[in-house]
Amino acid sequence: MYAERVLSGMRPTGSLHLGHYHGVLKNWVQLQYEYPCLFFVADWHALTTQYDDPQGIVDSTWEMVVDWLAAGVDPARATLFIQSQVPEHAELHLLLSMMVPLGWLERVPTYKDQQEKLENKDLSTYGFLGYPLLQSADILIYRADKVPVGEDQVPHIEFSREVARRFNHLYGREPGFADKAREAVKKLGSKRARRYEELRMRFQQQGEQAAVGQAHALLDEAHDLSHADRERLCGYLEGTGKMILVEPGALLTEASRMPGVDGQKMSKSYGNTITLREDATSVTQKIRRMPTDPARIRRTDVGDPDKCPVWQLHQVYSDAACQAWVQQGCRSAGIGCLDCKQPVIDAILREQAPMRERAQPFLDDPQLVRSIIADGNSKARHLARETMRDVRQAMGMDYR
Ligand code: TRP
Ligand code: SF4
């Protein structure tokens, strides 16, 4: 009923690394060819833990956006914006905060986890508890049905679904809903109306899920139906009332196995990263200094790739022929570790070359980035305002 729409956000962490690229950005770049996409910098979310350093957040935001563009996120396809520049997120967050039970927030698994992880910071704040609800507002305000996230964020998407359901339950039943819905059925014309009623019965009495899809298809064909009537008919069909906010679904991004230069998962906090646009000398040095199979002390010792972090990089970067060369050469001491590392170095530099190239105009003229974001902010804001208009109206708080 609503157009399919992808939305995702990232907290500003400054320059991104290859783990972000393989874990998130490559996926975003792919999605922008398949769906209308909105990607935003979650600067308010950063503020929940970094409230003592807003300037750091702002600087990181600009750096991160350059990396998005470098990775191939295309502002001509996707809308790129900054959360705090669309203040409607805050308005929806406030309204939702009135109806969401505290217990729901306290039970979100990331709440206690994160508090314990960052125990040197006072996170017994109102904003930090509300983190998942702010995220719900981010999603619901665009009626996004597809939210690409990693596994750790799935509870937040589930939470957002519950929030949407609660909102629709509380405010989706306008006065005289059933009468208005029956009026809307008549407007379908007698043939479609009969078919709609039949499908509705099949769903409500026999629980036939396929009937819902067929009824939606039928409504899609009824072009002269008003937006409000279409909404009513969707709600009436499933017995849920009017759907004001759309329940989102997670688009689970497969966990990236991107290892850092020490074999652990690549992460800023482990200090084992290679940044997206790191210069070639530094990349070469980091790979050449990588630890290898500890049993391979001398060039003549045989090794076992399964015990070597370099092999993990070959699994990301090398084709079958190269991988076979590594396996054979390592296990027979036919190749040295520096020989083995060279194809990885070459592959990373090859991957980075177009990123460096795409970033250059934005480094030369930061105003370009500003204007991409200004454009995205205003597009996003336009969509957010539409939803807020419906939300206020559903609550009867539009004072018209
Ligand atoms: N919490 C997300 C993270 O840490 C970032 C985020 C904020 C987000 N709002 C969102 C992701 C909305 C998807 C949709 O990664
Ligand atoms: Fe690791 Fe390659 Fe050396 Fe084997 S040859 S230990 S896989 S770096």
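Where in the chain does E208 lie? The points below begin with that residue and then turn to the overall architecture, the ligands and some individual loop residues.

1. Basis of the note. This is a predicted model, in which local features need pLDDT of at least 70, side-chain atom pairs count only at pLDDT 80 or more, and totals for chains, interfaces and linings use all residues. Residues are numbered from 1 along each chain as its sequence is written, chains are lettered from A and ligands numbered from 1 in the order in which they are written, and side-chain values use heavy atoms, with hydrogens and water left out.

2. E208. This residue is in the loop between α11 (190-206) and α12 (209-221); helices (H or I, at least four residues) and strands (E, at least two) are DSSP runs numbered from the N terminus. E208 has a relative accessible area of 30% and is therefore partly exposed. On this scale buried means under 20% relative accessible area, exposed over 50%, and partly exposed in between, with a 1.4 Å probe and protein chains only. When neighbours within four places in sequence are set aside, E208 is in contact (heavy atoms within 4.5 Å) with R202 and F203. With R202 there is a polar contact between the two side chains, at 2.9 Å. A polar contact is a pair of N or O atoms within 3.5 Å; within protein, one must be able to donate a hydrogen and the other to accept it, and residues adjacent in sequence count only if both atoms are side-chain atoms.

3. Overall architecture. The chain contains 18 helices and five strands. Its C-alpha trace spans about 85 × 45 × 40 Å along the principal axes. Of the 400 residues in the chain, 47% are buried. Among contacts in the chain with a separation of 6 or more, 77% are between residues 24 or more positions apart.

4. Ligand 1. The shell around ligand 1 comprises 14 residues, and the closest are R11, Y131, Q135, D138 and Q153; a residue belongs to such a shell if one of its heavy atoms lies within 4 Å of the molecule. The side chain of R11 places an N or O atom 3.1 Å from an oxygen atom of ligand 1. For Y131, an N or O atom of the side chain is 2.7 Å from a nitrogen atom of the ligand. A nitrogen atom of ligand 1 also lies 3.0 Å from a polar side-chain atom of Q153.

5. Ligand 2. The residues surrounding ligand 2 are T292, D293, R296, C308, V310, V326, C330, C337 and C340. Two elements, α16 (320-331) and α17 (337-364), each give two or more residues to this shell. By class, the shell has six nonpolar, one polar and two charged residues; Ala, Val, Leu, Ile, Met, Phe, Trp, Tyr, Cys and Pro count as nonpolar, Asp, Glu, Lys and Arg as charged, and the others, Gly among them, as polar.

6. A320. Helix α16 includes A320. This residue has a relative accessible area of 63%, so A320 is exposed. A320 and A211 are separated by 109 residues in sequence and by 47 Å in space, C-alpha to C-alpha.

7. Positive phi values. R143, a residue other than glycine, has a positive phi near 50 degrees. R143 is in the loop between α8 (131-140) and β4 (146-149), and counts as buried because its relative accessibility is 8%. A333, likewise a residue other than glycine, has a positive phi near 55 degrees. A333 is in the loop between α16 and α17, and its relative accessibility of 15% means that A333 counts as buried.
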